[in-house]
Amino acid sequence: MNKMTPAGQIVSSQTAAISIQNVRQQYPGRHSSAAVLALDDISLDIPRGEFVCLLGPSGCGKSTLLNIVGGLIKPTAGKVQVSGRTIDGPSPRDIAFIFQESTLLPWYTIRENFHVSFKFSRIARSEWQSRTEEALAAVGMSRFIDHYPEQLSVGMRQRVNLARGIALGTDIILMDEPFAALDEQTRMVLGEDLSELLAKTGKTIVFVTHSLAEAVFLSDRVYVMAARPGRLKTIVEIDEPHPRSPDFMLTTRFGDLRNQLYGLLRDEVREGLQIERKSSAAAGRT
Amino acid sequence: MRMTTGARIFWTRCAMLLAALLCWEVYARLWADTRFVSPPSLVLHAAIFELFREPGVIDALVTSLWILFVAYALAILFGVAIGLAVGWSSFGRKAFFPVVLLLYGIPQVILLPLFVLIFGIGPACKIAFGLSHGFFPIAVNVISGMKNINILYLRSGHSLGASSFDIARYIYLPNMLQSLFTGLRLGMTLTLLGVVLAELYVSTQGIGYWTKLYAETHDPAPLFALIAILALMAVILNELVRAIERRGLRWRG
Amino acid sequence: MIGDASNLSSRAIQLGFLALLVGAWQLLSSLGTISPLLLPSPDSVRIAFVKLVESGQFWSSLRVTGSTVLQAWAIAMIAGSAAAYAITRSRFLVAVFEPVIAGIFAIPLTLLFPLYILFLGIGPSSKVAYAATYGFFPVALNAIAGFSAVKEHYLRAAHSMGASAFATFRHVMLPASFPIILTGIRISFFITFASVLGGETLSSVTGIGKRIALAAELMEPAEMFAWIVFVIVFSVATNMVLSMLESRASAQ
């Protein structure tokens, strides 16, 4: 059964794959007084082998948090530990990053893209070929190995992009709204694929989304965030074994969880809209 | 019989060209003043029986062709070198890119008489003038190729632990390449323009001499023929650069 | 806007570049290492310019070149956008004509200049026709791109509201494609300007281009440089003003 736990609950740190400790992120504004507090004192532990979601309204800093975990942004304060080691810059041995849009380089074929990524992350050359072929076979894209990305549809490209992220063989995968550019049906199919692929591997996944259905369908645990400043609001656990079948979406439990998340976010979103309305009215006066 | 769109486009163009030549032929034979216009059939005749038997014309064509090659090669060399120097840092781009763009916008033809004073009327002047035209589009496109990069490609590279060299070699360079090819194509067009302007300005030798001669003696057939041959050369050279571009940018599909 | 350090220092470098250019000019001409025939001193150029203005030659040449450019530019704009409008009525016509127009623009049309002289003589009309031909291409190509970039659903919405062809053009197509067409018009101006100067340099009786060629022939470098500096300053200033207007128009 699902249960709500208070924010910031500490999972035993032995089992934590990622431990985020008192992370604060401040962006300098145009004037020193207008500095933006993107993240306000976030602490959370992500257990090994779990699929977790960061969910929240725009501006809650969920992407910023993901970038901090990936070592692409240095936090203003606090630290992130991965397997007990403090993150200081990208660590391609442990963490793979999958971005919003396909980051397949358009000037290389799919095969060359895999190889360049392996080269970047210093994987032994002898493994390149087999890893590429296995990963593409796993997502059913083997026959496109010598195509250029622009010869594939957006959905196919993102499918290859997922395969590439997994082929890097890291224990942790971070995904920044990987399905944002896709249509609803393609998202669902890719979501099912992902659930199936990852059930086998036991990887730790952190997934940023603003889709309620996606959050419920994919995650073991949803971290609900609030905006202005970005902070952790609650954690919702979703107790359903992987791989999940599309039938899960038809259950009343799915609907209840989805509504519960909507209830948590609705006020946040309303507040955000009002703030925007006020500030645009103010801008109109000047 | 159904035709593909490509075939329909091709045949429409052929029909248009044929119709235009036919109209011209009829007009030139029936109404036009023969001192100014000559029909396409006579132009073709003049090309084969007058121009190609005139060693002076052949010489002039060959000379301007190698002038063009030298000027274009130098334009590529300087354009890429200076483009890289300016485009390397964001500060360099900010400080010097607007300067390069403003210089690019100056009508360089006003410097043609000065070029003749400096370099004389020989090939050196034409090479220099072609180079000064072809240089700018190449430099400008190299600079903008280094500026316009999808930030996600860089972030993805960093997250994979790519070194600065890796990022330059596998991301910046190929990204710049497509812009560079655009520059090379424009550079060819403008180098040609510069060489042609200089050729026409210096009318005591080369192509300028022959066009002036034919125009002043009211002999339009060989004049039309000479211009048509030059235009054909220009088209072939442009297609050559395009073909190289297509090979280099196969991935654009 | 104020206080952006890197913006400020790049402005400083641009001004420094200009100062360096003028300084180098002054230094080289005063050292006398370069013959004053090729590089007259800035002061003699200033005197030559004042003389040009006072004798009225400056204004008469400027009037000839100016009116030639304006006529050619007007023809190029009207013919270019009319051709583009006609071609964009059908996708097939765009497929037939657009590559042809782009292809012709890629060969130096200056090759045809002797024909213009042959037909129209060495007066201004040959320059108007030649420059209008050159200026036609950027307007036509940009207007084709602009008109075909108008989103289909805007047109369908206008159609569903019963808009006439003219009203659709006036209120939907023109505003939607305006920024792209504006770029074409700006490029067309500079190409027309350069073509008129080029035509005058090659073969003409009067105009700024002819003055420059004549000054070179008569070995009057100060006068030649006076014209060159004037054209450079004019085109740089026009370029800055037009780019500014353009970015303001497309921001709206």
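Predicted model: local features only at pLDDT ≥ 70, side-chain atom pairs only at ≥ 80, totals over all residues.
- A:Thr132 sits in helix H3 of chain A, which covers residues 125-138.
- With a relative accessibility of 0%, A:Thr132 counts as buried, because the cut-off for that class is under 20%.
- Leaving out neighbours within four places in sequence, the contacts of A:Thr132 are A:Arg111, A:Phe114, A:His115, A:Phe118 and A:Ile145.
- A:Pro106 belongs to a loop of chain A, the one between strand S7 (95-98) and helix H2 (110-120).
- A:Pro106 is buried as well, at a relative accessible area of 8%.
- Along the chain, A:Pro106 and A:Arg93 are 13 residues apart, and 25 Å separates their C-alpha atoms.

**How the chains meet**

- Two pairs of chains are in contact, and chains B and C share the most contacts.
- Chains A and C do not touch, and their nearest C-alpha atoms are 10 Å apart.

**The largest cavity**

- Searching the whole structure turns up seven cavities of 30 Å³ or more.
- The largest cavity has a volume of about 180 Å³.
- Its lining consists of 17 residues, and those nearest the centre are B:Leu192, B:Val196, B:Ile207, B:Leu230 and C:Leu111.
- Four helices of chain B each supply at least two residues of this lining: H3 (55-87), H8 (164-201), H9 (206-216) and H10 (220-248).
- Sorted by class, the lining of the largest cavity has 14 nonpolar residues, two polar ones and one charged one.

**The second largest pocket**

- The second largest pocket holds about 1400 Å³ of space.
- This pocket is lined by 36 residues, with B:Leu17, B:Ala231, B:Leu232, B:Val235 and C:Ile104 lying nearest its centre.
- In chain B, helices H1 (5-30), H2 (40-49) and H10 each give at least two residues to the pocket lining, as does helix H4 (91-105) of chain C.
- H10(B) provides the largest share of the pocket lining, with 11 residues.
- By class, the pocket lining splits into 30 nonpolar, three polar and three charged residues.

**Aromatic rings**

- Over all chains, the structure holds 38 aromatic pairs.
- One of them joins B:Tyr104 and B:Phe136, whose ring centres are 6.0 Å apart and whose planes meet at 10°, so this pair is stacked.
- B:Tyr104 lies in helix H4 (residues 90-104) of chain B and B:Phe136 in helix H6 (residues 123-147), so the pair ties together parts that are 32 residues apart in sequence.
- B:Tyr104 counts as partly exposed, at 28% relative accessibility, whereas B:Phe136 counts as buried, at 12%.
- In chain C, ring pairs link C:Phe49, C:Phe58, C:Trp59, C:Trp73, C:Phe189, C:Phe190, C:Phe193, C:Trp227, C:Phe230 and C:Phe234 into a cluster.

**Arginines over rings**

- In chain B, the face of B:Tyr170 has B:Arg169 lying over it, at 4.6 Å from the ring centre.
- In chain C, C:Arg89 lies over the face of C:Tyr85, at 4.3 Å from the ring centre.

**An alanine in chain C**

- C:Ala222 is part of helix H10 of chain C, which runs over residues 221-251.
- C:Ala222 has a relative accessible area of 19%, and it is therefore buried, as the cut-off is under 20%.
- Setting aside residues up to four places away in sequence, C:Ala222 touches C:Pro40, C:Ser44, C:Val45 and C:Ala48.
- C:Ala222 and C:Pro36 are 186 residues apart in sequence, yet their C-alpha atoms are 8.7 Å apart in space.

Definitions and conventions
Residues numbered from 1 in each chain as written. Chains lettered and ligands numbered in written order. Heavy atoms only, no water. 1 Å grid on protein atoms, 1.4 Å probe; cavity = no way out; pocket = protein on both sides within 12 Å on 5 of 7 lines; lining within 4 Å. Points joined across faces, edges and corners; volume = space filled by probe spheres on them. Nonpolar A, V, L, I, M, F, W, Y, C, P; charged D, E, K, R; others polar. Phe/Tyr/Trp six-rings, centres within 6.5 Å; stacked < 30°, edge-to-face > 60°. Buried < 20%, exposed > 50% of the residue type's maximum accessible area, 1.4 Å probe, protein only. Lys NZ or Arg CZ within 6 Å of the ring centre and 35° of its normal. Contact = heavy atoms within 4.5 Å.
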